[in-house]
Amino acid sequence: MDKSKNLPLEGVTVLELGHTVMGPTCGLILADLGARVIKVERAPEGDETRTLTGFGSGFFPFLNRNKVSVAVDLKSDKGRQVVYRLVEKADVLIENFGPGTVERLGLGYERCSRINPGLIFCSLKGFLPGPYEKRPALDEVVQMMGGLAYMTGPTGRPLRAGASVVDILGGCFGAIGILTALHQRKETGRGQLVQASLYESVAFLVGQHMAVAAVTGQAPPPMPERGRTWSVYDLFQTADGQQVFLGVTSDRHWKRMAEVFGFNDLIQDERLTTNGGRVAERDWFLPELQNRISLLTKQEVIALAEKANIPFAPVARPEDLFEDPHLNEAGGLVETLLPHGRKAKLPKLPLRLSEADLELRLDPPRVGQGSRELLLSVGFSGPEIDELLAQGTLAMNDK
């Protein structure tokens, strides 16, 4: 069986009016699963993330594979008519504009659902309906107001997470809602409004900490200052100036570690027999462990930890993952075309299906790439398309 021709969402058409991270993440998930995802961009320049620098320079190439692009002037009547024609044929529409924007453009849920009653309209916002819903929001904004930044940094120094975790999670929840609505449509024949948000995604992330407060009656401290549940759950410096994290979460772990690392005297120490005992003795026990491990190189620590079958991790940087043996040998990376013609191996969806290969089918599109064929397929004539191009309503860069 050719699994590349048996993608789960084959035949599903998605309009993605998405930008930055949350909307494109939602579209990427559906695209990798086989949907035809049409990225609706502004004409003539395309999505603003195409030209971002610094930390934003990776947004577009990572989040927009397996999509085609339609660059259209959404502020013009003719541009909106183009989108309405696409809405007629679509199964799903994704948007993550600011509050009220799609309604001002004439592309809100009420209008689009009248055009296509079977349409699943996914609205991704900063907040779900309620007192905050009209506020603009960003990933970092909701991390601060939702307690995630407080839990990440030490007291008095709230710190955002090191990736766009909330934007990405919000996009994932949007995709879950869309898949649920597609399933329900099989029974009802009707589309519906799906909503997901940044703020409520943060609340879900910190739900475990809320539960701690509810159960114990005490506010959980930030993660850098949390109490110790495990005796060894720390970073260790190695002889070559590197760092390795070791996690000993059971007495079996400790016994195997001590035996393999050659810490026979520590095995005999009755104070260290149990996890509770080792936690109680951390004031001297952990510095002693650090001293012993600091005599080993990073690779020696990794080899011993792997032999002992205990949790461990070298401290890596994102760029180290390009050559990670597991990701490469397990097929977790896909070579993707970047701007200016270079290529890089970027992560695939972190899931596997036995009946389908979720591979790269299309590199991230140039502005308007693939739109002529798409517009012809939904009933536009060649002269109509040429006229819209001449008027600036559409933009294409297929070369």
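Biologist: Across which strands does helix 15 lie, and at what angle does helix 15 run to strand 9?

Modeller: Helix 15, residues 298–308, lies across strand 8 and strand 9, and its direction is at about 160° to strand 9. Axes here are lines fitted to C-alpha atoms, for helices over the stretch in contact, and angles run from 0 to 180 degrees between N-to-C directions. This is a predicted model, in which local features need pLDDT of at least 70 and side-chain atom pairs count only at pLDDT 80 or more, while totals for chains, interfaces and linings use all residues. Residues are numbered from 1 along each chain as its sequence is written, and side-chain values use heavy atoms, with hydrogens and water left out.

Biologist: What makes strand 7 and strand 9 edge strands?

Modeller: The open sheet has three strands in the order 7-8-9, with antiparallel pairing. Strand 7 (232–237) and strand 9 (312–314) each have a single partner strand, so one side of each lacks a neighbour in the sheet. From one strand to the next the twist averages 15°.

Biologist: How do you know that strand 7 and strand 8 are paired?

Modeller: Pairing requires that DSSP finds at least two bridges between two strands, and strand 7 and strand 8 (residues 243–248) have six bridges, in the antiparallel sense. One of the residues concerned is Asp234, whose bridge partner in strand 8 is Leu246. Helix 14 (residues 282–293) packs on the sheet, where it touches strand 7 and strand 8, and its direction makes about 40° with that of strand 7.

Biologist: Why is helix 1 called oblique to helix 8?

Modeller: Helix 1 (residues 22–32) and helix 8 (residues 165–188) pack at about 45°, with their axes 7 Å apart. Angles under 35 degrees count as roughly parallel, over 145 as roughly antiparallel, 65 to 115 as roughly perpendicular and the rest as oblique, and therefore helix 1 is oblique to helix 8.

Methods: Helix = DSSP H or I, 4+ residues; strand = E, 2+ residues; numbered from the N terminus. Contact = heavy atoms within 4.5 Å.
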